[in-house]
Amino acid sequence: MEVSEKTDVCQLIDDGGFSRFQGIALLLCGLSVLMDGFDVQVIGFVAPAIVQDWKIDKASLGPVFVAGLAGLLVGSLLLSMLADHIGRRPVLIGSTFFFALCMLATAQVRTLPELMMLRFATGLGLGSVLPNAMALAGEYTPLRRRVTVLMVVSVGFTVGAVLAGFVAAAVMPRWGWQAVFLVGGSLPLAVAVAMVFHLPESLQFLVLRGRDVVVERWLRRIDPAFHRSGKAGYRVNERAGKGAPIRQLFTDGRAKMTLLLWGVNLLNLLNLYFLSNWLPTIVRDAGLSLSNAVLAGTALQAGGAVGAVLLGLVIDQAGFRRVLIPCFVVAGIAILLIGRPGIELLQLFAAVVVTGFCIVGGQSAINALAASYYPTALRSTGIGWGLGIGRLGSMIGPIVGAELIRAGLPNSTIFLVLAVPAVLSAGLVVAMGGPRAGGNAGHVVAVPKAGH
């Protein structure tokens, strides 16, 4: 392929096929997100064994859970901005190495303070994984497939969380809870090593930094026949960011969309973590068997995994807004049905699956929307800060659940309260506005002039 003028690298990706090199890069992004989900959720599965082994009260692990979530919040906010300064690749690789080593070290802890410190440290590394993996995956995927790929990558978090449960169940009875952390550290360590050799840097990021030689090296990995002739260089249809990335989220007309994305993240993650933490307990107290209560929690995540894939395919055709508005409205209705007195078992499971489809799957869509909206110079910061603000919701959700249950409210009232954030989420998506004129169906908001 001869090039005689400046090459638009975004257009090159959009118009091109899908090379083996791109496939490997996306696989590594997906595996990093999968290990992120594994390591975030694994503490919940090993907690009963730690309580028994250390002979402590289960409430003593509360600060440990909070420490992990706090680390995730800080990592999402700070390391996502670092990635927009030095690149996605070094931050993603470094973070994966770091949280892998923290997981391996956790297998050696003997006290609660040690466990709390390592969970916070692990959270710091984990907090940067999803924003950077999503950013890189989007930047190496043609526009026509981008939303679907982003949502499939994002759902790796849910798959990892489910995998953590299976590994814990298989490993703990024979080798103890420490072995679960050894698995949870060894696998991402292997992924990090593979990233060193096969994970590319964002082409758009490199062009904005004027690193044409590196751009050409990665382009030849995508297409060995690629050749740049003469002094022709590369370009992207956006400008390099100036100043603090967080401030730029509110410039060039981005303030409204940034605040709306933060609001949707907070409300939806509040719902997601409320349901993830309390659904099995609530339905167990309502008279279901323990096995059915556990299955209800599993059905929520399974519905989310299916939702992420199917919603992505529909969004690629119809756009985010047309899909997410009815998605969150349906979520509110399904949540109300879960709390309906006397609901039959089959109807309950159907309502739970639909709720997972819309809430868990919808979160993947929110992540993809942020990745599609922000320009290269702000992409990691935009996704990371949206998720960071959303982490506040992940902390608030379980607390709200505990207070509602402590107040002795009936399930119908509890789930009525829970339906409100879903409906509010739909309202915030309405406020985002209509499709960009002449834009791809997947881009349904007015992208600032600096964006691609």
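Close-up 1. Angles under 35 degrees count as roughly parallel, over 145 as roughly antiparallel, 65 to 115 as roughly perpendicular and the rest as oblique. The model is predicted: local features need pLDDT of at least 70, side-chain atom pairs count only at pLDDT 80 or more, and totals for chains, interfaces and linings use all residues. Residues are numbered from 1 along each chain as its sequence is written, and side-chain values use heavy atoms, with hydrogens and water left out. Axes are lines fitted to C-alpha atoms, for helices over the stretch in contact; angles run from 0 to 180 degrees between N-to-C directions. The crossing is right-handed. Handedness is right-handed if the near helix is turned clockwise from the far one by less than a right angle, left-handed if anticlockwise. From α7, the contact takes Val-167, Ala-168, Val-171, Met-172 and Trp-175. From α8 come Trp-177, Gln-178, Ala-179, Val-180 and Val-183. Nine of these residues are nonpolar, one is polar and none is charged. Here Ala, Val, Leu, Ile, Met, Phe, Trp, Tyr, Cys and Pro count as nonpolar, Asp, Glu, Lys and Arg as charged, and the others, Gly among them, as polar.

**Close-up 2. Thr-158 sits in helix α7.** This helix spans residues 146-175; helices (H or I, at least four residues) are DSSP runs, numbered from the N terminus. Thr-158 is buried, at 8% relative accessible area. Buried means under 20%, exposed over 50%, partly exposed in between (1.4 Å probe, protein chains only). Beyond neighbours within four places in sequence, Thr-158 contacts Gln-301 and Val-360. Contact means heavy atoms within 4.5 Å.

**Close-up 3. Val-46 and Leu-203 touch the most other members of the largest nonpolar core.** The core has 136 residues. Helix α2 (residues 20-54) gives the most, with 16. Such a core is a set of buried Ala, Val, Leu, Ile, Met, Phe, Trp, Tyr and Cys residues joined through side-chain atoms within 4.5 Å. Not counting residues up to four places away, Val-46 touches Met-172, Trp-177, Val-180 and Phe-181.

**Close-up 4. Helices α12 and α15 are roughly antiparallel.** Their axes cross at roughly 150° and come within 10 Å. Helix α12 holds residues 255-285 and α15 residues 345-373. The crossing is left-handed. Among the contact residues are Asn-265, Asn-268 and Leu-269 of α12, and Val-360, Gln-363 and Asn-367 of α15. By class, the contact of α12 with α15 has 16 nonpolar, seven polar and no charged residues.

**Close-up 5. Leu-387 lies buried in helix α16.** The helix runs over residues 379-406. Leu-387 has a relative accessible area of 3%. Outside four places in sequence, Leu-387 is in contact with Leu-130, Pro-131, Asn-265, Leu-269, Gln-363 and Asn-367. Gly-127 is 260 residues from Leu-387 in sequence, but 8.7 Å away in space, C-alpha to C-alpha.

**Close-up 6. Lys-55 and Asp-252 have positive phi.** Neither is a glycine. For Lys-55, phi is about 55°. This residue is in the loop between α2 and α3 (62-86). Lys-55 is exposed, with a relative accessible area of 73%. For Asp-252, phi is near 55°. Asp-252 belongs to the loop between α11 (245-248) and α12. Asp-252 is partly exposed, at 35% relative accessible area.

Conventions. Helix = DSSP H or I, 4+ residues; strand = E, 2+ residues; numbered from the N terminus.
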